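Have the sequence and the 3D view open as you read.

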Amino acid sequence: MIWLTKLAMKKRWLTFLVVAIVTGISVWSLFSLQMELIPDIELPVTSVITIYPQAKPEVVMDEVAIKVESVISGMKGLNQLVSTVSEGSAFTFAVFEFGTDMTETNRMIEEGLAALELPDAVRELPLLLPELEQNPQLFAIDINVLPIVMFSLSGDLSSEQLQQIATADIVPALENIDGVYHVTVEGGSEQQVIVELDPVLLNNAGLSLSSVAAFMTGETYGSIEEIEDMTLGARQVRLGDIGTVKLGLPSGSSVSRTNGMTSVSISIMKDGDANTVTVAKTVMDEIEQIKTQLPDGVLLSTVLDQSVYIETSVSDLTRDALIGCGLAIVIVFLFFMALRASLVTAVSIPLSIIIGFLIMRFFGITINLLTLSAMAISVGRVIDNSIVVLEVIFRRIQHGEPFRTAAIEGVKEVATPIVSSTVATVIIFVPLAFAGGIVGELFIPFALTMTAALAASLLIALMVIPPLSNFTVSKKATNNQTWYQRLYTKALEWTLSHRAITVIIALLLFIGSFALLPVIGTSFIPDMGEKMLTVEVVVPGSTDIMETLVAAIKAEQVLLSHPYVETIQTTIGGGAGMMAGASAMMGAGGETTANIMVILASEADMEETADELRKQFEDIVSEAEITVATGQAMAATMMGTGVDISIRGDRYEDLTSIGKELFEKLKDVEGITDLELHLARTEPSLDIIPNPAMIMAAGLSMEQMAGLQEEFFFMQTGGRVARAKLNGDQLDVYLNGIIHKLDSAETAHALLIGFPDSIRLGEIAVVALGEQQTNIMRINGKLATSINGSITAKDIGSVNRAIQMKIDDLNLPAGVEVTQGGTMEMMEESFSSMTVAIALAVLLAYAVIAITFRSLLTPIVIMISLPLASIGALLALLLAGQTLGIFAMMGILMLVGIVLTNAIVLIDLVERLRRKGLNIRDALLESGSTRVRPILMTALTTMIAMLPLALGIGEGAVVSSELAIVVIGGLFSSTLLTLLVIPAIYSLFKHDKPQKNESAQKA
């Protein structure tokens, strides 16, 4: 590589010109890079939602869900297949292996769904509901379905009027923005007058549901009292005497509320290849224009804006990087005590980073929390090569060599170790390409970013630093050792005289460091995003969305009274989309569930706030089941929930008994909150089966027979029958269905059907009262139930182990399986992948060093510096109160490359000196005295530069903090021990031999 230096030195002005041009292009590329929250991860998951109106869960499972499963079950790479059905709908969720081509997979699934033989009621539903494009409908789950911006439209108008403004004035303007993929509107359902009849009183009055509808049809009422006072039939029965009349929302409605006020929610999703920050800013600019055109009293407020968090994170990480850069320059100055030398070295940091961004743009890598963290962490590492090069040139000039000679010969002296150490640092990332899973998805962009910066730093050290070194120091020879060189020389002399003791102490420290692991604990991935909570309010058995709304309002009052809660967005009911299906998987959703997104202040502690709210919610748990989870709801889909236990078998009786037993056992495990057992609930079910023979025997006319099916449907669902003008507003009057109110076969048997001629239901149909499950779940073809909850403990690994012990203690019936998924499954997979990656990285690093030194033994001596790094890494995690998570594992992987640099630089000179004829002891002492300065400088600059990141101050720092702590601790212990232990081990492995010439002296 010395030819690069010679080329750069030949015409220095041309070198500087090229650097200036490359810098300009790199700056341009930096401002053109896309900015995202996290890397663009292709989630290997997809879902299918099917609507089967009024069909019972068992029928939906047999006639729809199992058939949909048959399309997916044999596909390549399928890991898990989950189907959840409830009355009238089925949700199928498929998880594939990471790396699966989901575009092709989704295409094949759609083709298979189109070929299925399904009931006519399923296939023909899109004709009746134009908003339903297909049935079944595939929902490809993509990270881009997360809204980048959410708004709330509120004011003095009705929710219907707000929805009209949103759909007519706001949505079209936003959808025209370049980069906006879709705009959704939730809420705005119009209130109706709901008439609910009592089946027993209806029978006693001698009326059928259709006759009541006929009496009301076409009327316009002026008040609720007028509706209640209307008379029905020849017996002049008062409507209010056989039912209730009230204001409410119709079935299938959605409610949106912001900060306790009725609103319409507007969510914006971007195109997959669009820049989040750019699109969000354009949307915000358009919103400012829209606000000026809104009616008086209508407020359009921002609920969520991802770009603000991204920009804040970028700003904070940039600040930390700049502080680290400044600290690194100070360290260099303190060693050289020469300002110009320090500034020349400092040039490598901004140049390496900026050129790194150019390489990122070439490979299509975005700026996000992980890649920016990689750049911030690189600040301390990219200066290392320049320090080694400048230090040797600096030393040679001090000893009287001319600048050009010092530059070329100095680079020649250190070119091999810096190239070797850089290649060893970069090559450790190669195993990540084969790691798969979430590890590969997250860390490949991280690794490419680090590689880009390190490659740039090597070129700068070889081609830019030497030409600049003419301006560093005066040519003043000196042979005086510094205080730290004298101190180190004495320590090294003692070490070489007590080699066995030194090695034993190092070995004991290494073994002892692993005793810290149980104390430190393990975790997975920290929350990457705004400080957010998700509160779910479930009202079991509710049949009225207003009942859920009442419970949600009470939860809102608790939330709004908390000092750290800034914004809350409530959504109840609505839609058959992917999120509705996800709720169905948990046994909730629809009109019985309110989902509240809670945005917290930046200074809030999410776990502490969540715990406080859980305690406050205890006062209203009698009315509803309330759970509080940290992070975004979608994160559960991406990364797995905290506790996710599946119980599979062939009989629901077994699932129920095991589920209840395990649920009680898990209550004793500390660190688990919001524990829920999702057993299939049952409710009274009335089976009404029309009998053609009985219908014929009843003597009904052909017209009546043709209308029976339509009337059965009306008894199930009800419908609009009249209008009412209340307080100046025109409202629909909706007569509810009556089937769900039946609680006995006798009452159902006595129901009248038909108008004007009526007949008892029992005379034309078989009526039986039984029970039905409200939802049915299957996992991988077996009946299933689940237990879910949140893990609040830092040491997630110990909680998962405690859970597994409870599972192992179960006495399972034949055919029943209990498995952990969620965080446990992903942690095991990720830690296994990282362990394999670290092992492969060590082998690759060994190969690089073996090629460099042309020896099999010397690299082994150098590699001993790796276990020395674990001592400080684990101790640093303990002192910082951090757990061993996946980012800490990434730090350990990085240490494989970083800590080898010091040992390579030290041993390379030892080998050179031995080839010149020095014995091992003298070569080690001379090499140690010469190399201690660059080793200490590179180690200290790397550690000090990462210190702001390790402190974890600011948004986005949580990603890099864990990693920086591991690198600082590992580098600290490995540097100190490398300077002493490696020479001791080298002298134990190597022996002085008679050497006649240089060629015979190679190690």
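The expected span of a helix is 1.5 Å times one less than its number of residues. Keep in mind that this is a predicted model. Helix H12 runs over residues 276-291, 16 residues in total. From its first C-alpha to its last, H12 reaches 22 Å, close to the 22 Å expected.

At the N-terminal end, H12 is capped by Asn275. A side-chain oxygen of Asn275 sits 3.0 Å from the backbone nitrogen of Val277.

## The buried side of H12

Which residues of H12 are buried? They are Thr276, Val277, Val279, Ala280, Val283, Met284, Ile287 and Ile290. These residues are on the same side of H12 because they cover an arc of only 160° around the axis. As a rule, an α-helix has 3.6 residues a turn, so residues three or four places apart point the same way.

What covers the buried residues of H12 includes strands E5 (149-155), E6 (180-186), E13 (261-270) and E14 (298-305). Helices H7 (159-175) and H13 (306-336) are also among the covering elements.

## Asn135, a loop residue

Now for the loop between helix H6 (125-128) and strand E4 (137-140), which is where you'll find Asn135. Is Asn135 buried or exposed? Asn135 counts as buried because its relative accessibility is 3%, and the cut-off for buried is under 20%.

The Asn135 side chain reaches the backbone oxygen of Ile51 at 2.8 Å. A polar atom of that side chain also lies 2.9 Å from the backbone oxygen of Val122. Leaving aside residues up to four places away in sequence, Asn135 touches Ile49, Thr50, Ile51, Val122, Arg123, Leu125 and Pro126.

How values were computed: Residues are numbered from 1 along each chain as its sequence is written. This is a predicted model: local features need pLDDT of at least 70, side-chain atom pairs count only at pLDDT 80 or more; totals for chains, interfaces and linings use all residues. Side-chain values use heavy atoms; hydrogens and water are left out. Helices (H or I, at least four residues) and strands (E, at least two) are DSSP runs, numbered from the N terminus. Buried means under 20% relative accessible area, exposed over 50%, partly exposed in between (1.4 Å probe, protein chains only). A polar contact is a pair of N or O atoms within 3.5 Å; within protein, one must be able to donate a hydrogen and the other to accept it, and residues adjacent in sequence count only if both atoms are side-chain atoms. Contact means heavy atoms within 4.5 Å. The arc is that of the directions from the helix axis to the C-beta atoms.
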